[in-house]
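Here is a briefing on one protein model. It covers the fold elements, the salt bridges, a surface patch and a pocket.

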Amino acid sequence: MATGIESYAPSNPKIVWKCNPTTKLKLRKHFYPLSLTKFTLGADLDLQHGFWTFHTSWKDRIIGGRLAIRDNRVTLLKEFVIDQKNMFDLRISYDWKLKQTIFGFRFRPLQGLQTNTHPPGIAVARKIPLDYRTKLDVVAWLQFPEATCEATSSGAVTFGTGDFVVDIQQLNLYLELKGF
């Protein structure tokens, strides 16, 4: 017997995988000068395009700031995250040629309100240990189903449409060089 009302059975969201990541071989060597700082030399080989990029970083291990040496200046930069949208930067530099110390700060309000090219979701970045010096570096975006509320005349109600989408964007092999 047809009542003219169609039965509406909501489908459960599925997990959809997207996997077209960029891949790199990341080589890192850490040094600990004065045992108060961590100096890192790095080289990345882009496996799809075949080119190398080189990195250095020097981080203070006490307050977590970054040290940089440029021209005649040594600079300590510390970023403070106030909340999810606001940041405060503190910069202290010493110019050894002028024998002058320079202090500066910058407040960066509303950092979380930039235009986002991703649909609603969360970024996931993890280094999965494979052994004591090798890690699999994974960067992905987890997209949530669209938030909607829909009711039919038959009384069926659904909350959300679409699927969970896992978009793997980077898949890197991270190798820490030890013993050199």
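Is Glu 79 buried, partly exposed or exposed? Glu 79 counts as partly exposed, because its relative accessibility is 33% (buried means under 20% relative accessible area, exposed over 50%, partly exposed in between, with a 1.4 Å probe and protein chains only). This is a predicted model, in which local features need pLDDT of at least 70 and side-chain atom pairs count only at pLDDT 80 or more, while totals for chains, interfaces and linings use all residues. Residues are numbered from 1 along each chain as its sequence is written, and side-chain values use heavy atoms, with hydrogens and water left out.

**Overall build**

- The protein has 13 strands and 0 helices (DSSP runs numbered from the N terminus: strands are E, at least two residues; helices are H or I, at least four).
- From the N terminus on, the order of elements is β-β-β-β-β-β-β-β-β-β-β-β-β.
- The protein has 180 residues, and 21% of them count as buried.

**Salt bridges**

- The whole structure holds 6 salt bridges (a side-chain nitrogen of Lys or Arg within 4 Å of a carboxyl oxygen of Asp or Glu).
- Side chains of opposite charge can pair when their charged atoms come close.
- One of the salt bridges joins the side chains of Lys 14 and Asp 163, at 3.7 Å from N to O. Lys 14 lies in the segment before β1 (15-22) and Asp 163 in the loop between β12 (157-161) and β13 (164-176), so the pair ties together parts 149 residues apart in sequence. Asp 163 counts as partly exposed, because its relative accessibility is 23%.
- Arg 66 and Glu 79 meet through their side chains in a salt bridge of 3.9 Å, N to O. Arg 66 sits in strand β5 and Glu 79 in strand β6, so the pair links distant parts of the chain, 13 residues apart. Arg 66 has a relative accessible area of 40% and is therefore partly exposed.
- Asp 89 forms a salt bridge with Arg 106, and the closest N and O atoms are 3.0 Å apart. This pair links distant parts of the chain: strand β7 holds Asp 89, strand β8 holds Arg 106, and they are 17 residues apart. Asp 89 is buried, because its relative accessible area is 4%. Arg 106 counts as partly exposed at 45% relative accessibility.

**Nonpolar surface patch**

- Phe 80, Leu 90, Ile 92, Phe 103 and Phe 105 form a nonpolar patch on the surface (residues with over 30% relative accessible area and no salt bridge; nonpolar side chains, Val, Leu, Ile, Met, Phe, Trp and Tyr, are joined within 5 Å, like charges within 9 Å).
- Together these residues have about 520 Å² of accessible area (Shrake-Rupley method, 1.4 Å probe; for residues, only the protein chains shown count as cover).
- β7 and β8 each supply at least two residues of the patch.
- Leu 90 is placed in strand β7. Leu 90 counts as partly exposed, because its relative accessibility is 31%.

**Largest pocket**

- The largest pocket has a volume of about 390 Å³ (on a 1 Å grid over the protein atoms alone, a pocket is an open set of points where a 1.4 Å probe fits, with protein on both sides within 12 Å along at least five of seven lines; the volume is the space filled by probe spheres set on the points, which are joined across faces, edges and corners).
- Its lining has 18 residues, of which Leu 67, Ala 68, Ile 69, Arg 70 and Thr 75 lie nearest the centre (lining residues have an atom within 4 Å of a point).
- Elements giving two or more lining residues are β4 (51-60), β5 (66-70), β6 (73-81), β7 (87-95) and β8 (100-108).
- β5 gives the largest share, 5 residues.
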